[in-house]
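Reader: Could we go through this model together? I would like to begin with a pocket and then turn to a helix.

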Amino acid sequence: MSLMMLLQDLFSSPFLHYAFAAVVLSYAPFAVYQMYLMIISLFGNDAKDAERKKLLEKPNNVIVVITTNGMATDVVEKIISNVNGYNLGLEIFVIKEHRDSHSYSCREITVPKDYVCPNRSRNKMRAMQYGNEWLRQEGYGKETYICHLDDDSMVDKPYLEFVMNYMTEEGGQGCIRLREFGRHLISSLSDIVRIANCEAWCRHYNRGNKPQFVHGEGIIVRADVEQEIGWDYGTYGAEDLIMGLEISKRYTFCHIPAGNIYIAPPTTARDYYKQRRRWFWSIFKNDGKVRRLSPRTYLFYMYMYLVGVTGLMGLVMLTMYALLDVSINPTIMLISIINIVAFTSYYQFGALYNGSRKYALILFLLQMPVAFYDGFTIIYSILTRPDFQTFETIKKV
């Protein structure tokens with residue numbers, strides 16, 4: 001019996017038909033809800049939301065804080081130059097490690113070699129906690145908002161102007177865009193999903209003080225609230241999500257409807273997979289902090305990672321059914337097509353928000369390779385657990 005006939009017999013079996021149905025149905029709620037979020041986002045209007053905010057009688061004091069490990073000094077200097085170029089008169093601080101000998105063109109907060117957090121936080125959290133304590137000692141409090149940046153991210157002028165002139169909530173975040181796009185094409189195309197997540201999930205849930213995705217780039221926190229909550233969580237990661245959830249639990253976390261945050265996609269496949277692996281394990285290696293702060297958010301992440309796997313399995317199985325010319329239940333076939341349309345539309349949604357029709361077309365043509373490229377990050381994360389004592393970084397551009 002030929003291999004083709006064996007495969008046809010295998011995929012014609014009731015077991016695989018039921019398995020395929022289970023895979024398709026598990027993904028369907030996620031697909032339908034994402035389509036709903038895309039629709040309400042397209043009909044939303046950030047400009048009108050911003051206009052409805054009342055101009056503050058006295059502008060907020062806003063400072064920009066960049067946390068770096070010293071491996072991207074040229075990028076940090078570019079960020080400093082850009083922010084200074086807005087002519088807003090903002091103070092800029094760089095939190096750096098004692099071993100970083102570079103002299104930055106702004107105020108520096110140097111973390112002492114012997115500094116130890118009460119909860120034994122390491123790496124970025126340790127640095128941010130020291131910076132938090134340093135700013136408190138310098139007298140920054142309720143009148144000051146802190147715009148946090150990683151050493152590869154930037155915010156534009158309207159973003160900072162909104163925080164200065166309109167923001168009253170204790171924390172918030174806007175939407176991201178990709179810069180330095182295309183240095184590694186597939187990673188850049190895959191990273192478009194981050195834009196879609198921001199425009200769909202972040203915008204919708206941040207408006208309701210229920211943050212779902214919170215990223216370290218461009219998070220805004222009022223200084224006294226940051227001092228109250230702190231960054232000393234003693235976890236492997238997820239410090240940005242924990243901060244957002246803590247703010248929403250005690251105060252208000254909002255969507256910032258003006259300007260954008262600009263990030264750079266990973267420049268290699270290795271860095272892309274390392275970054276995704278860190279995010280994956282951050283959700284499950286935080287001593288239950290995310291689960292206790294928001295069971296809904298924790299369950300959402302579990303479901304999201306599950307459908308990432310089932311979505312990948314569904315694509316493989318559907319491809320095999322088509323190649324082997326094996327018939328599928330019409331209802332399951334219809335739902336499978338809806339899933340694929342929703343998935344493809346979601347990436348196009350992100351690409352068009354990023355303002356590139358050219359890359360939207362390239363993404364459309366390469367959608368299946370991109371789907372497998374991104375989907376395998378979950379499998380990679382499970383099979384290659386990181387060193388939880390270190391904080392994996394990627395090349396910054």
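**Pocket and helix**

Author: α7 (185-207) and β9 (253-255) each supply at least two residues of the lining of the second largest pocket. Helices (H or I, at least four residues) and strands (E, at least two) are DSSP runs, numbered from the N terminus. The model is predicted: local features need pLDDT of at least 70, side-chain atom pairs count only at pLDDT 80 or more, and totals for chains, interfaces and linings use all residues. Residues are numbered from 1 along each chain as its sequence is written, and side-chain values use heavy atoms, with hydrogens and water left out.

Reader: Which element gives the most to that lining?

Author: β9 does, with three residues. The lining includes Phe-253, Cys-254 and His-255, and also Asp-49, Lys-53 and Arg-207.

Reader: How do the lining residues divide into nonpolar, polar and charged?

Author: There are four of each: four nonpolar, four polar and four charged.

Reader: Turning to α4, which of its residues are buried?

Author: Val-75, Val-76, Ile-79, Ile-80 and Val-83 are buried, that is, under 20% relative accessible area (1.4 Å probe, protein chains only). Seen down the axis of α4, these buried residues fall within an arc of 140 degrees, taken from the directions from the helix axis to the C-beta atoms, so they line one face of the helix.

Reader: What do they pack against?

Author: The buried residues of α4 pack against β1 (61-67), β2 (91-97), β4 (144-150), β5 (154-155) and α6 (157-165), where contact means heavy atoms within 4.5 Å.

Reader: And which residue with positive phi follows α4?

Author: Asn-87 follows α4, with a phi near 55 degrees.

Notes:
1 Å grid on protein atoms, 1.4 Å probe; cavity = no way out; pocket = protein on both sides within 12 Å on 5 of 7 lines; lining within 4 Å. Nonpolar A, V, L, I, M, F, W, Y, C, P; charged D, E, K, R; others polar. Buried < 20%, exposed > 50% of the residue type's maximum accessible area, 1.4 Å probe, protein only.
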